[in-house]
Amino acid sequence: MPDFTRWPSFPFEGDMRVKPLAAPVEVEPPRSGEDAAECVACGTSDDSYIWVSERWRVRAMDRPTGLPMVLILECRSHLDLGDLPNLLAAELGVMTVRLERAIRSLDGVARVHVNRWGDGSAHLHLWFLARPYGRLQLRGTFLSLWDDILPVIPEPQWRENLALVAAWLAGFGGQAIAEPPHIQWESPSTIAYSPNANANANANGDESPTADPEPDDRRPESLGDIETANPEPAPTIAAESGALDHPAAEPQATT
């Protein structure tokens with residue numbers, strides 16, 4: 001077995017064996033999206049990305065994985081790495097550094113690995129994988145393998161991380177598509193109020209039976225109490241004359 005199987009970062013242990021090396025093929029099969037008309041990246045709308053600009057787009061996985069963040073940087077043009085014109089080649093360096101900084105700004109991220117393999121899709125795409133802080137066993141070239149082994153991070157945290165990276169990139173231009181998860185506010189449907197609370201307090205000796213509560217502390221028990229506490233101009237005149245000591249009966253509704 002090769003030496004890397006004894007590295008601390010190698011994710012497997014136990015008895016293993018190397019697969020036999022297959023014979024080389026004479027003609028390699030086409031990659032996915034060699035034809036621009038059949039390219040998945042070219043046919044995907046901006047809504048499926050977390051951030052987009054005039055010439056670049058950043059997308060995430062369909063669901064959370066074991067690492068704090070895994071993102072893919074793509075150019076809008078149907079080009080591979082060696083096909084980039086000078087303008088896009090220069091921008092690729094800027095975008096690589098910018099996205100690395102955005103991911104590294106997340107809490108709990110120590111390093112960001114940037115990888116380009118290019119054997120699966122013909123459309124240029126760079127992988128950005130965040131290594132969790134303190135997880136020294138994940139250092140090095142096997143980080144992508146650990147991503148499939150580690151427990152999946154909570155989806156709310158994952159979505160919040162996506163929104164933070166998108167907002168970080170949008171600060172330099174482009175448009176952030178990813179949004180943070182909505183807060184699930186929970187409140188009681190009713191407010192419990194006991195009309196006997198003051199009576200119980202008096203019985204317990206908490207306050208004098210004859211003491212009147214302060215106006216700010218008194219809770220209205222009914223709509224009539226609210227109207228008494230906030231009288232209209234006409235009832236105010238009646239109150240001054242003492243008429244409200246014996247309120248008149250409410251008129252009956254007529255049809």
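**Strand pairing, cover and cores**

Reader: What makes S2 and strand S3 (residues 70-75) a pair?

Author: S2 and S3 run antiparallel and share five bridges. Two strands pair if DSSP finds at least two bridges between them, so five bridges qualify. Ala60 has Leu71 in S3 as its bridge partner. Arg59 has Ile72 in S3.

Reader: What kind of model is this, and which residues count?

Author: This is a predicted model: local features need pLDDT of at least 70, side-chain atom pairs count only at pLDDT 80 or more, and totals for chains, interfaces and linings use all residues. Residues are numbered from 1 along each chain as its sequence is written, and side-chain values use heavy atoms, with hydrogens and water left out.

Reader: How do you know that S1 and S2 pair?

Author: Two bridges join strand S1 (residues 51-52) to S2, in the antiparallel sense. The definition asks for at least two, so the pair counts. Three residues lie between S1 and S2, which form a hairpin. Strands are DSSP runs of E, at least two residues; helices are runs of H or I, at least four; both are numbered from the N terminus.

Reader: Why are S4 and S6 called edge strands?

Author: The open sheet has six strands, paired antiparallel, in the order S4-S5-S3-S2-S1-S6. Strand S4 (109-115) and strand S6 (175-176) each have a single partner strand, so one side of each lacks a neighbour in the sheet. S4 is joined to strand S5 (residues 125-132) by six antiparallel bridges. Asn115 has Trp127 in S5 as bridge partner. S5 also pairs with S3, antiparallel, over five bridges.

Reader: What makes S3 mostly covered?

Author: Six of its six residues are buried. Buried means under 20% relative accessible area, exposed over 50%, partly exposed in between (1.4 Å probe, protein chains only). Val70, Ile72 and Glu74 point one way from S3. Leu71, Leu73 and Cys75 point the other way. S2 (residues 56-60) is also called mostly covered, with four of its five residues buried.

Reader: Why is Ile149 called partly exposed?

Author: Its relative accessible area is 41%. That value falls between 20% and 50%, so the label is partly exposed. Ile149 sits in the loop between helix H3 (143-147) and helix H4 (155-170).

Reader: Which residues touch the most other members of the largest nonpolar core?

Author: They are Ile50, Leu71, Leu73, Leu99, Ile103 and Val165, out of 30 residues in that core. S2, S3, helix H2 (86-104), S4, S5 and H4 each give two or more residues to this core. H2 gives the most, with six. A nonpolar core is a set of buried Ala, Val, Leu, Ile, Met, Phe, Trp, Tyr and Cys residues joined through side-chain atoms within 4.5 Å. Another core lies apart, of eight residues, including Phe10, Leu129, Leu143 and Trp146.

Reader: What is Leu71 in contact with, leaving aside its neighbours within four places in sequence?

Author: Contact means heavy atoms within 4.5 Å. The partners of Leu71 include Ile50, Val58, Leu99, Ile103, Leu126, Leu162 and Val165. In soluble globular proteins, nonpolar side chains tend to be buried together.
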